[in-house]
Amino acid sequence: MRFVLLSTVLVFSAISGYAQKIKYKDLFFLLDTENYKDGEPLLKQYLSDPKNADEGNPNLQMAFIYNKKADETDILLDTDEYIAYADSALTFYAKAKQFIDEKEVKKNDEFYQAYQRRDIRTGKFGIKLADVHFDIENRVNALNERKARVQELQIYYTKTKENYEKAQSGFKKIKDDFPTEKILFLRADEDLLARVDQVSNSAKLSLQNFESFEATIKKVDKPGYRPALHVTDLIDYQKDGESPLMLTDDNVLFWDYPKWAESVQKGYKEVVVPMRAELIEYDQHLNDLKERMMQDSMSMAEHVKPLVGILAKIREYDTDPLPEYIFKYKVADIKNESFKMDHLYYRDSSNIDYQLDVAQTKFGYVKEMDSLVNLLISRDINEDQMNYTSYIEKTYNDVNALGSYIKEQLDNVIRAKKLVQDEIDNLGERARWLIGKNDSIPLFKEVNRGLSKYVPMVVDEKFTAGFYFSGKTAAEGYFALVDHAKTQKLKAVFKVDNDHFSKQNLDVTKAIYTAEGAGHYYYILFSAQLPEQEEYAATVAKIYTSDGLAWVKNVTLETAPLDLLINPNTDDLIINYDKANYYGGKEIADRLVLTKKGEVK
């Protein structure tokens, strides 16, 4: 080994030193040992001399060099370079075969020792021209065949990549226009389906070309590649489908765009189209109910089909769908009009509470409509147009007509809201007074005690009681039944303990009451603590709901009254004391009892 290295160094030194007089025998040693790094530049220099251009072995060695370079060149990434090397090798093979003859082989047999073999007939070793030519022909045939395969492979390689990149580019553009899968289905139309179909067709062509690419690469001698195709589903629409096709990898990831395209087309036809038709049908259903209700003056609220099912479908694609607010608004409108139909003559009723309840219920519907129509006004109409093109066009012709419809509804709601609010204010004020022939009793406690003749101490849905200040006499007590018409059908005015009940001590005056089980009569008790004492002054009145005042009695209580009870056996009135808050120094009874006629027991 040392001898070979030393010889190489000496030969290279000799050649370098006398570059102008290169001897092929010295150069051949480098070429024969495949030291092409050092030998190739010298060989090219040698052949550049016209005197040497027609020598056989140098041309053959040049063919070997280019053949080796072709073999070492990447057939996929550097195909043009490979073809150039192969063509150069074929050119030099042709020259070598032309220039190598019997004379060349015999004269320079040391250059062709690789072809030496034993003659079967004579048993002697020798070199035959036929063997040299046969080897060259085999090399040429093999190189031509490999070159043709590589060129064919390059065609399939390019077509596979081009079609895949076309599919991927189309897919990415779709994602740019439809950022999420939900938006994709929500806005899908025939134009999108055509784009999806183009992605699928390009991907299928790429797959077909890969099959030819894979089959061809198996026929190429020493290809350097053994690609295995892995077709992968696009599961995450936003993340998948982005990685490039790497045909030079052993494991080739191929995103299954055709399968994705099929799922989009299937979802569009089987889900999106029926869902859109259902939206349009439901909208028309609500329009028909409204029209019928206005023509026939009859309630249609019970005929509204449930909205839950269709909303569940659309919310799978849009958490804030335009049709939902339009439908809810129209349903609220139908319920409002239906309620008005059900209570068409409520203003003819004498029942003020009923009238007020109807007006407040109407206001509830109008308020809901107001909220919904304002939500519609605040929406991005351009975004809605992209999401619900077919719905808008089929139900409102275009987005401008939809905008006009929403604006019209807003105006209607504003007017309706004002009318109902005025009605509520008027009825609410009327419901605050118990109207009599000559005066009105307030049914609220927030009266101006300095100006009002009546100061309510108890306001119940069935009666009211308090103090009456006529200005002519001292304070009087009053009790009045409250009916649905808020008119004074029964009012009792009675004397009270004027020494202890006046406008000046109303803040410390309390009122408690009780009623007989069937409501035939009431007891009302007014009380105020005596100055610097534990005792309380009290006025008790018994009022029959049919006949009015039965009796009134002033009594002194040993402490504050806790509550009133009626003995069911004797009809006696029991005034229980609030002994838990009694701080006097003497023993007191638990209660004070009055007979049904007002006598102290």
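Serine 202 touches Asn163, Lys166 and Ala167, leaving out residues up to four places away in sequence. Serine 202 sits in helix α9, which covers residues 190–217. Its relative accessible area is 6%, so serine 202 is buried. The model is predicted. Its mean pLDDT is 93, and 97% of residues reach 70 or more.

**Confidence**

- Residues 1–19 stay under 50 in pLDDT.
- For residues 1–19, the model has 16 contacts beyond four places in sequence.

**Nonpolar cores**

- The largest nonpolar core holds 118 residues. Leu27, Leu60, Ile100, Ile174, Tyr257 and Trp260 have the most contacts inside this core.
- Helix α10, residues 257–296, gives the most to this core, with twelve residues.
- A second, separate core has 22 residues. Among them are Ala465, Phe494, Val496 and Leu506.
- Isoleucine 100 contacts Gly56, Asn57, Leu60, Val105, Tyr112, Leu129, Val132, His133 and Ile136, once neighbours within four places in sequence are set aside.

**Helix α10**

- Aspartate 256 caps the N-terminal end of α10. One of its side-chain oxygens lies 3.2 Å from the backbone nitrogen of lysine 259.
- A kink of about 40° is centred on tyrosine 268.
- How far apart are the end C-alpha atoms of α10? They are 56 Å apart. With 40 residues at 1.5 Å a residue, α10 should span 58 Å, so the two values agree.
- Serine 297 follows α10 and has a positive phi, near 50°.

**Positive phi at two lysines**

- Most residues other than glycine have a negative phi.
- Lysine 222 is not a glycine, yet has a positive phi of about 50°. Lysine 222 lies in the loop between α9 and β3, the latter at 228–232.
- Lysine 486 is not a glycine either, and its phi is positive at about 55°. Lysine 486 is found in the loop between β9 and β10.
- Is lysine 222 buried or exposed? Its relative accessible area is 68%, which means that lysine 222 is exposed.
- Is lysine 486 buried or exposed? At 5% relative accessibility, lysine 486 counts as buried.

**Leucine 490 and the β9–β10 loop**

- Leucine 490 is placed in the loop between β9 (476–481) and β10 (491–495).
- Leucine 490 is buried, because its relative accessible area is 11% and the cut-off for buried is under 20%.
- Ten residues along the chain separate leucine 490 from alanine 480. Their C-alpha atoms are 5.6 Å apart.

**Threonine 595**

- Threonine 595 is found in the segment after β17, a strand at 591–594.
- Threonine 595 has a relative accessible area of 15%, so it is buried.
- Beyond its neighbours within four places in sequence, threonine 595 is in contact with Trp551, Asp572 and Lys601.

Note on methods:
Residues numbered from 1 in each chain as written. Predicted model: local features only at pLDDT ≥ 70, side-chain atom pairs only at ≥ 80, totals over all residues. Heavy atoms only, no water. Core = buried A, V, L, I, M, F, W, Y, C linked by side-chain atoms within 4.5 Å. Buried < 20%, exposed > 50% of the residue type's maximum accessible area, 1.4 Å probe, protein only. Helix = DSSP H or I, 4+ residues; strand = E, 2+ residues; numbered from the N terminus. Contact = heavy atoms within 4.5 Å. Expected span 1.5 Å × (residues − 1). Bend = angle between axes of the 7 residues up to and from the residue. Polar contact = N/O pair within 3.5 Å; in protein donor to acceptor, adjacent residues only side chain to side chain. pLDDT = per-residue confidence, 0-100.
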